Amino acid sequence: MSAPIVLGIETSCDETGIGIVRGHRLLANEIASSVDEHARFGGVVPEIASRSHLEAIEPALRRACITAGITLGNVDAIAVTAGPGLVGALIVGVATAKGLGAALGVPVYGVNHLAGHVVVDELHHGPLPDPTVGLLVSGGHSSLLLVTDDVASITALGQTLDDAAGEAFDKVARLLGLPFPGGPWIDRVAADGDPQAIDFPRGLTGPGDRERYPYDFSFSGLKTAVARWISAREAAGERVPVADVAASMQEAVADVLTARMVSACRDHGVGHVVIGGGVAANSRLRAMAQERCDAAGILLRVPPPDLCTDNGAMVAALGARLLASGADPSPVDFPATSNLPVTQRSW
Ligand code: KG4
Ligand code: ZN
């Protein structure tokens, strides 16, 4: 008997994502982004995001079914992001999932977007080993996680004390006059820069920080240091070397993230690590993580870049995992929860 077909719906921020999986096999991953509508505001505008989801979700659903070669009648279960995210945006996906679930008579799982970022790697590299350390780095969250028991249990080892890694990329990109969202632009521009040109600070690496904050991050000081460095150049009438600033900033972020990730593996005796979330698409983070994991004898897993940024496949992957483990579906009145904690895998 072939594995069940799970439909995944993602509407937590500015991407309307519909994913369809059969077990660990990805059948379709349709994404409609409203990013261009937010760009002129320099950040995601919640009401625009909600309206865009409402317009995009049905066409995306149709396209996904065509790509997967299925009809909705073939769907065995539905998973939808129930949080965290923008509440108005989440409600569009949750309401769609509940309506479809009732119409098709299939179970609905309200799942955690952040756990989806970690589990999505199963579509590319197969089941996650137990235990695995997870480095989750997105636009709104940065955490080090201990994932055990087939994702049934996620423990937060540490998190950012201020800005998320993606937020740091976006804020520095704005200082450099690059478009929103800035992370992919910094990545691109940094390719022509010198990562050693400027020694930007590595947050929480001062005396005593290693003991006090072994698995936490801090990026607000980095953003301030970049702002000050740029202002000083401008005040002196000097040109700002955009590529060098981007490369040096990117180096600082990748350095801190990978150092903490390797420490978490060593301290907990874990030989596997997975990186997930939009920032996992960053080329320098991927390369540095590989170098340091190779040196430490840790097996690194990172999904391909298009599965790192928000998508419906990650939601479907988590739904498939829940279904396979015999987890109960969510109660029919499960809510959209903007601040769902990373440790709560589903409702
Ligand atoms: O996971 P994601 O798509 O959405 C959230 O759940 O937040 O992450 C979006 C974040 C943004 O801050 C974006 O700038 C960053 O991921 N990002 C990158 C890259 N691609 C996306 N940051 C650095 N380098 C990239 N290549
Ligand atoms: Zn995300």
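**Domain contact and buried residues in a predicted model**

Leu-204 is buried, with a relative accessible area of 14% (buried means under 20% relative accessible area, exposed over 50%, partly exposed in between, with a 1.4 Å probe and protein chains only). Leu-204 has a positive phi of about 60 degrees, although Leu-204 is not a glycine. Leu-204 sits in the loop between α7 and α8 (209-212); helices (H or I, at least four residues) and strands (E, at least two) are DSSP runs, numbered from the N terminus.

The model is predicted: local features need pLDDT of at least 70, side-chain atom pairs count only at pLDDT 80 or more, and totals for chains, interfaces and linings use all residues. Residues are numbered from 1 along each chain as its sequence is written, chains are lettered from A and ligands numbered from 1 in the order in which they are written, and side-chain values use heavy atoms, with hydrogens and water left out.

Arg-260 belongs to helix α10 (residues 242-268). Its relative accessibility is 6%, so Arg-260 counts as buried. Beyond its neighbours within four places in sequence, Arg-260 is in contact (heavy atoms within 4.5 Å) with Leu-144, Gly-203, Leu-204, Thr-205, Tyr-213, Pro-214, Tyr-215, Asp-216 and Phe-217. Arg-260 and Leu-135 are 125 residues apart in sequence, yet 9.3 Å apart in space, C-alpha to C-alpha.

Asp-163 lies in the loop between β8 (153-159) and α6 (165-175). The side chains of Asp-163 and Lys-171 are joined by a polar contact of 3.3 Å. A polar contact is a pair of N or O atoms within 3.5 Å; within protein, one must be able to donate a hydrogen and the other to accept it, and residues adjacent in sequence count only if both atoms are side-chain atoms. Not counting residues up to four places away in sequence, Asp-163 touches Lys-171, Phe-219, Ser-220 and Lys-223.

Two cis peptide bonds are described here. One runs from Asp-130 to Pro-131, with omega near 5 degrees. Pro-131 is placed in the loop between α5 (122-125) and β6 (132-137). Another joins Phe-180 and Pro-181, with omega about -10 degrees. Pro-181 occupies the loop between α6 and α7 (182-190).

The chain is assigned domain 1 (5-119 + 311-324) and domain 2 (130-305); the bounds come from an automatic or database domain assignment. The contact takes 13 residues from domain 1 and 15 residues from domain 2. Their centres, taken over C-alpha atoms, are 27 Å apart. About 1,100 Å² is buried between the domains, with carbon and sulfur atoms giving 76%. Buried area is the accessible area (1.4 Å probe) that two parts lose on being put together, summed over both. Leu-114, His-117 and Val-118 supply 46% of the area that domain 1 buries against domain 2, more than any other three residues.

Between the domains there are zero salt bridges (a side-chain nitrogen of Lys or Arg within 4 Å of a carboxyl oxygen of Asp or Glu). One residue pair is in polar contact, both at pLDDT 80 or more. On the domain 1 side, α1 (35-39), α4 (113-119) and α13 (313-324) each supply at least two residues. Helix α4 gives the most, with five residues.
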